[in-house]
Amino acid sequence: MSEPTARVPLRQIWPDDFVARYRAAGYWRGETFPAFLRARAREFADAIAVVGGDTRWTYAQLWEQAERIAAGLLAQGLVPGDRVVVQLGNIPEFIAVVCALFRAQLVPVYALPAHRLTEVGHFARKSEASAYISADRYEAFDYRALARELQAELPSVRHVFVVGDAAEFVAIGALDGPRDPLPGDPDPQSVAFLQISGGSTGLSKLIPRTHDDYIYSFRASNALCGIDAASVYMVALPAAHNFPMSSPGFFGALYAGARVVLSPGPGPDAAFPLIARERVTCVGLVPPLALLWADAAGRSTHDLSSLQVLQVGGAKLVPEAARRVVAGLGCRLQQVFGMAEGLVNYTRLDDPEELVLTTQGRPISDDDEVLVVDDHGMPVADGEVGHLLARGPYTIRGYHNDAAANARSFTADGFYRTGDMVQRLPSGHLVVQGRATDHINRAGEKISAEEIEDHLLAHPQVFDAAVVSVPDDYLGERSCAFVIPGGEKPRPAELKAWVRGRGLAAFKVPDQIVFVDAFGTTAVGKISRRELRAQLRARFLEDQKDAG
Ligand code: OOB
């Protein structure tokens, strides 16, 4: 039998002098996922690592699950370096599967449970994935149906593995194989997984994160978020999102030997009983949820007194809301302003209250280089609003396989253009003031205006469409599509169903549709889409003011 040939590991390239610097500073220690997970399985063998549903795995059991699944995946014909799209919800198997992929040197590509065929197909195509792993059902959706459509469209996705009832596919629970073929530990500078971007222009980009850089980000986060072996960290947001994964997230918690508790949903009904039962100490939420929790806490009979740190991030928490959250939950607030591409800012647990309430924190690392610049790239003074650029020991230098996006999103000297507009205070704390890119931040879910416009334009009765963000009391922002009908005007519900029918996550369906005869721009000649969206948004806000 011939040896299976591994695929060439993906790499993310930092210039040599930066590599040397980040190693010398002790950020990059040559640690890898499988090595640290194996070490914890010895050190904390009998401590509970993961709690979810009826499952309680010790560290030793989690590692055993990872080894079994890893061996099984290789026995099924996957080879190290293969990319695997993982679409699992907040269930223990999500963590076991991801650890197994690391163990076998397979590269997870994270999809959110809300994603549908169009998005999953895009991730699989872009990453050249050979496998897809999902649950049988999650939140009333049958992912096996999605798997069938995916394989019909992309035969290169040769393998499908399913948690639960696998139907014609292979069950994760049944996987096993000889342990000998399992590879040794990977190169710490190789890409451990591909995370997905919020996607401000068109489709999501894939974000390659290395063992060295990602482990540094959550190891350092642990110190700033107060996570140690005695902590109990709850995953309330979708586990595949970078925030609950690494800021400090469940990986930070596992690195520390702490306990991870997976909440099946983000609302108080699901989370509060678990907080009381497991004595949860830390959880991360997006602003609308934090407000919901704060309101519900007053009426709740559950004991929430174990909560020490409530982290809020993913979208802007305005000071008034921050005050309500603190008053309602009575624990320490930590603001988190991060991005899957890297840079994460935290308010510090010992920051003065005013900074915690009014800023989005400061970078993790002394070697996070943060620039705030004007439209011409010139630095602005502290206190002035400008574009945020970032470079550092856990911020990527480029997207996976996307030269056009890289040319747009990175400066020649390797700074990532975050698209966010911020103010920097003399203390180094950042205040997010808006953004320069056209996406909608809908309760922390990022939606590209362009992506949704393209789907609307494909409708036969749409002549033109522009999608903008409008303020929403609950979500922070919601999406509003301005549509010029072509021929007979479609009904709004029809257009929403159309977008959903294009195989997209439900959160991308426009919340509101406004029909207009023309975009009515006053500018002479052709204006950019961005300018058009800005004008429509301004007109919407003006109309609201008149109406109210
Ligand atoms: C997190 O990551 P992504 O990749 O879903 O989104 C990043 C973008 C940022 O560029 C910014 O526009 C926005 O989300 N954002 C915030 C924010 N946190 C993120 N805007 C205002 N205030 C905040 N606190 O969302 C993410 C990743 C890791 C940790 C936390 C959040």
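Tutor: Helices (DSSP runs of H or I, at least four residues) and strands (DSSP runs of E, at least two residues) are numbered from the N terminus. This is a predicted model, in which local features need pLDDT of at least 70 and side-chain atom pairs count only at pLDDT 80 or more, whereas totals for chains, interfaces and linings use all residues. Residue numbers start from 1 along each chain as its sequence is written.

Student: Does E139 count as buried or exposed?

Tutor: E139 is placed in the loop between β6 (137–138) and β7 (141–142), and its phi is positive, about 45°, although it is not a glycine. A residue is buried if 20 or more other C-beta atoms, placed from the backbone, lie within 10 Å of its own, exposed if 12 or fewer do, and partly exposed in between. E139 has 10 C-beta neighbours inside 10 Å and therefore counts as exposed.

Student: Which elements are included in what covers the buried residues of α10?

Tutor: Helix α10 spans residues 268–278, and its buried residues are P268, A271, F272, L274 and I275. Contact is counted when two C-beta atoms, placed from the backbone, lie within 7 Å. The cover over these buried residues includes β12 (232–235), β13 (259–262) and α11 (287–299).

Student: Which residue of β16 stands opposite L310?

Tutor: Strand β15 (residues 309–313) is mostly covered, with four of its five residues buried. Strands pair if DSSP finds at least two bridges between them; β15 pairs in the parallel sense with β14 (residues 282–285) over four bridges, and V283 has L310 as its partner in β15. Five bridges join β15 to β16, also in parallel. On that side, the residue opposite L310 is L333.

Student: What is the handedness of the β-α-β unit formed by β15, α12 and β16?

Tutor: A crossover is right-handed if, with the strands pointing away from the viewer, the path from the first strand over the helix to the second runs clockwise. The unit of β14, α11 and β15 is right-handed. With α12 at residues 319–329, the unit of β15, α12 and β16 is right-handed.

Student: Where does P248 lie?

Tutor: The peptide bond joining S247 and P248 is cis, with omega about -10°. P248 itself lies in the loop between α8 and α9 (249–256).

Student: How far apart are the C-alpha centres of domain 1 and domain 2?

Tutor: Domain bounds come from an automatic or database domain assignment, which gives domain 1 (33–44 + 53–185) and domain 2 (439–547). Seven residues of domain 1 are in contact with six residues of domain 2. The C-alpha centres of the two domains are separated by 36 Å.
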